[in-house]
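Thanks for making the time this morning.

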Amino acid sequence: MIARASLDHDAPLRHADLLLDVLADPAVRPRFERIWWLPEVETPFARDDVAAWVSGLLDHVPPAALSFVARLAEAAERAADDGLRRVVLDEAWRHLVLRRSAASTVLPIAARMLDCADDCVRLKAAHLLAMLAPDSGPYADRLAALLDDPGTDKISWIEGTVGDFARWALVRLGDPRGLPGLVESLWAPYREQFGRSWVAGDPRRPEMHEVLAPLREHADVLLPALLEEVRQDHERHGDHGEIMGTLLQVAEEWGPDALPVLPVVLPLLNDTRYSLPVVDVLLAMGPAAASTASAVRDAVVLDHPGNHHRIAWAAWRIAGGDDGTALRLLGEAVHDEQASPYGPVPLLSDFGPAAAAHAGRVREVMENAEHGRATAAIALWAITGDSGVALAVLEQVVVCFTGDDDRYGDLAEALRGFLRIGTVTPAARRALRLVGARDLRLSAHRDYRAVLGDQELRTAIAAVLALP
């Protein structure tokens, strides 16, 4: 059937029942490794390998492919076949990161397998339920029961324990039962500075900052644990390692709620590895960090003009007043034909009408830029107050996205632009409705970031569509 599918793509669809019977028959399973060889492969294919291969043959008809996975799940349950369960969860994951519509089929499959005796199955099921939040809310109690589950995946070697993924699922559901031990669990793979690796597109543990960043309302609980891990890491290794980068990323997201990190991060303004991220943290803290303006002006950065421009701008933003230095430096940078104007343009926009002398150059950048047109358009609006030109550019970005344009970063920037200006054009509104109606994930990634990024973009689209 696999060979025939190369000539007739619909052959597996017509014979789906036969394929299911063969793959789910316990008596047939041992025969695969005796007969399933390919000339260019040194080892035989097991039944589980062939099951995944067959499932992929149906991908050109997504509803049929997902239905096949659901029926394979039922067969695996009837036979208590853990190998087939693992295949089902992998295939369900593959569909989930591609299409939103897969969620309604994948959710009950993952929930049924959450109590399986096989560690790998439980781990992958918990991982799916984490990604299915908030729809996985009804299973919060079952996930909480797995918080201390030490089971690991010794089949496909996904890093972490069942408990780790159950904890992530709970915090994505907003369930406080996932908070105790969260920081320690997330930092465990890095504690001895071991390297991490994974296969792109496979299920895997999320990055530490991606889990913590949305949990700002729990900063009072999580920040002490994070700072303690930073302290211990520094004591063990004598330098600021991976966890310091995580602390800075999280603190920037938490803004004023991360104020207790100031004594830890301020000295890093003298370290070129961390000074600019520290500045971003101070900017996010707003008026609470006003006293750090002089330290920001003296920050040590790599000797690149753009770094010095950013430091001058940041000191102005933090202090709340300008002696003209920041505006002058950014204006010179925007007009410098030899340097990229993309960096200083969004910074210049913060000066509003005070930067009017540079409006012509910003317009020129907007009209000629290969990338960053939306950013330049927003800056031009901020300086001139004329929203017409900016809205036209933002509209063009989202209209292009209804075709074959897949620059998600540009789309996100255009959405931020509409929200900043406070209105949206009719054509852009129509285009965003089309984009929002897509079943495909709005993401270039094919792992958990596909779901997270898709949710973030769709939330922004909904916010823009709510504008007048």
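**Aromatic pairs, core and spaces**

Trp36 is partly exposed, with a relative accessible area of 24%, where buried means under 20% relative accessible area, exposed over 50% and partly exposed in between, with a 1.4 Å probe and protein chains only. This is a predicted model, so local features need pLDDT of at least 70 and side-chain atom pairs count only at pLDDT 80 or more, while totals for chains, interfaces and linings use all residues. Residues are numbered from 1 along each chain as its sequence is written, and side-chain values use heavy atoms, with hydrogens and water left out.

Phe32, by contrast, is buried, at a relative accessible area of 6%. Rings of Phe, Tyr and Trp (its six-membered ring) pair if their centres lie within 6.5 Å, and planes under 30 degrees apart count as stacked, over 60 as edge-to-face and the rest as tilted. The search of the whole structure gives seven aromatic pairs, and that of Phe32 and Trp36 is tilted, at 6.0 Å centre to centre and 35° between the planes. Phe32 and Trp36 also belong to one aromatic cluster with Phe45 and Trp53.

How are the rings of Trp316 and Phe351 arranged? Their centres are 3.9 Å apart and their planes at 10°, so this pair is stacked. Because Trp316 lies in helix α19 and Phe351 in the loop between α21 and α22, the pair ties together parts that are 35 residues apart in sequence; helices here are DSSP runs (H or I, at least four residues), and strands (E, at least two) likewise, numbered from the N terminus. Both Trp316 and Phe351 are buried.

Finally, the spaces. On a 1 Å grid over the protein atoms alone, a cavity is a set of points where a 1.4 Å probe fits but cannot get out, and a pocket is an open set with protein on both sides within 12 Å along at least five of seven lines; lining residues have an atom within 4 Å of a point. Asp164, Phe165, Trp168, Leu182, Ser185, Leu186, Arg205, Pro206 and Val211 line the largest cavity, to which α11 and α12 each give two or more residues. The largest pocket has 38 lining residues, with Pro214, Leu452, Gly453, Gln455 and Glu456 nearest its centre, and α27 supplies the largest share of that lining, eight residues.
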